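This report concerns the covalent and charged side-chain links of one protein model. Please consult the sequence and the structure below while reading.

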Amino acid sequence: MALKVLALQLLASLAAFLPTTSPANLSYPAVFNFGDSNSDTGGLNAGIAFPIKRFCNGYLIIDYLMNEMDLPFLNPYLDSVGAPSFQTGCNFATGGSTVLPANAASISPFSFGIQVAQFGRFKAKALELLSKDKKLQNVLPLEDYFKQGLYTFDVGQNDLDGAFSSKSEDQVVALIPSIMTEFEDGIQKLYNQGARNFGFTTQLDQFGCVASHNRAATAFNAQLHDLCFKFQRKFPEANVTYINIYKIKLDLITNYAQYGFKQGIAACCGYGGLPLNFDNRINCGETKNLNGTLVTATPCTNPEEYVNWDGNHYTQAANQYVSTQILTGNYSATLDIFQY
């Protein structure tokens, strides 16, 4: 069950959120992304020299969304090597990040609050530099881009994952309001700095086939749903649309063969062989001594046939499928501030 658990954990998110503009016709001058490994394009690698740049064998969902808008892929805020351009946005996401402040056991010190603070510094510094040298508009976003741009979020899964390692189900559920408060504080700070187009995409890497994790994920998503309506009511100028990404992923895992995949739950990059090819003692690409034998978790030769990349993340092929479904607009519904 180990990898089935890890594969189905990707389904625990009940919903995602994108702006009221039809997803099939996204048009924004810039994108500012916040999150964890699902949308990290090199932040953790640059920030703490983590050995993996991307938690995938290729493109992420955020990459496909950028491509849909005819914008270049997002450069990480933390990566200064090679004079990266931030003209059309910036990526603050780092693998392992949480909504709640990081602690000594956290993989990433760059929690959501830190990412929001980094954005504040980024915006202030960008506008300061542009006021002194207009030529820098070739590498920095214009002032209007900060209001007209799209703000995307994919964070929260690591909070629950980490909590379950030391807390009971009731304790984990009791922690959710604190997570929501921290998240609300962050998005309100972004709103106060001019953000108007919000895309909340929370994928909770919970153990989807374990009842306790499912119940916690359901509680989390219900509170996130309520928070989004609360945010929309409080800030009518904010553009928020509800997207049922859970349905997309469940359909993919359940009917993977129908979409050209040959493996729905087995990890492409792992160790142990089918049907799961996963061992939680060793990560993709690592070489370790397990039970007296030196082994390596190696990638498969045909990743396009796999949904699961490493037991925790999607392959490029799966990310492309999910992105295509999001962009159809068939899974979205505009939030009505008068509904409640």
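## Disulfide of Cys268 and Cys300

Cys268 is joined to Cys300 by a disulfide (a pair of cysteine sulfur atoms within 2.5 Å), with an S to S distance of 2.0 Å. The link of Cys268 and Cys300 is left-handed, with -100° about the S-S bond. Cys268 lies in the loop between strand 7 (263-267) and strand 8 (287-290), and Cys300 in the loop between strand 9 (293-296) and strand 10 (306-308), so the pair ties together parts that are 32 residues apart in sequence. Strands here are DSSP runs of E with at least two residues, and helices are runs of H or I with at least four; both are numbered from the N terminus.

Cys268 has a relative accessible area of 2% and is buried (buried means under 20% relative accessible area, exposed over 50%, partly exposed in between, with a 1.4 Å probe and protein chains only).

## Basis of the model

The model is predicted: local features need pLDDT of at least 70, side-chain atom pairs count only at pLDDT 80 or more, and totals for chains, interfaces and linings use all residues. Residues are numbered from 1 along each chain as its sequence is written, and side-chain values use heavy atoms, leaving out hydrogens and water.

## Disulfide of Cys269 and Cys284

The structure holds 2 disulfides. In the link between Cys269 and Cys284, the sulfur atoms are 2.0 Å apart. This link of Cys269 and Cys284 is right-handed, with 90° about the S-S bond. Cys269 and Cys284 each lie in the loop between strand 7 and strand 8, so the pair ties together parts that are 15 residues apart in sequence.

Both Cys269 and Cys284 are buried. With bonded cysteines counted along the chain, the disulfides follow the pattern 1-4, 2-3.

## Salt bridges

There are 10 salt bridges in the structure, a salt bridge being a side-chain nitrogen of Lys or Arg within 4 Å of a carboxyl oxygen of Asp or Glu. Lys125, Glu128 and Lys132 are linked in a network of such bridges. The closest N and O atoms are 3.9 Å apart for Glu128 and Lys125, and 3.2 Å apart for Glu128 and Lys132. Glu128 and Lys125 are 3 residues apart in helix 4 (residues 112-132), about one helical turn; Glu128 and Lys132 are 4 residues apart in helix 4, also about one turn. Glu128 is partly exposed at 33% relative accessibility, as is Lys125 at 36%, whereas Lys132 is exposed at 63%.

Another salt bridge pairs Glu286 with Lys288 (3.8 Å, N to O). Glu286 is partly exposed at 27% relative accessibility, and Lys288 is partly exposed at 34%.
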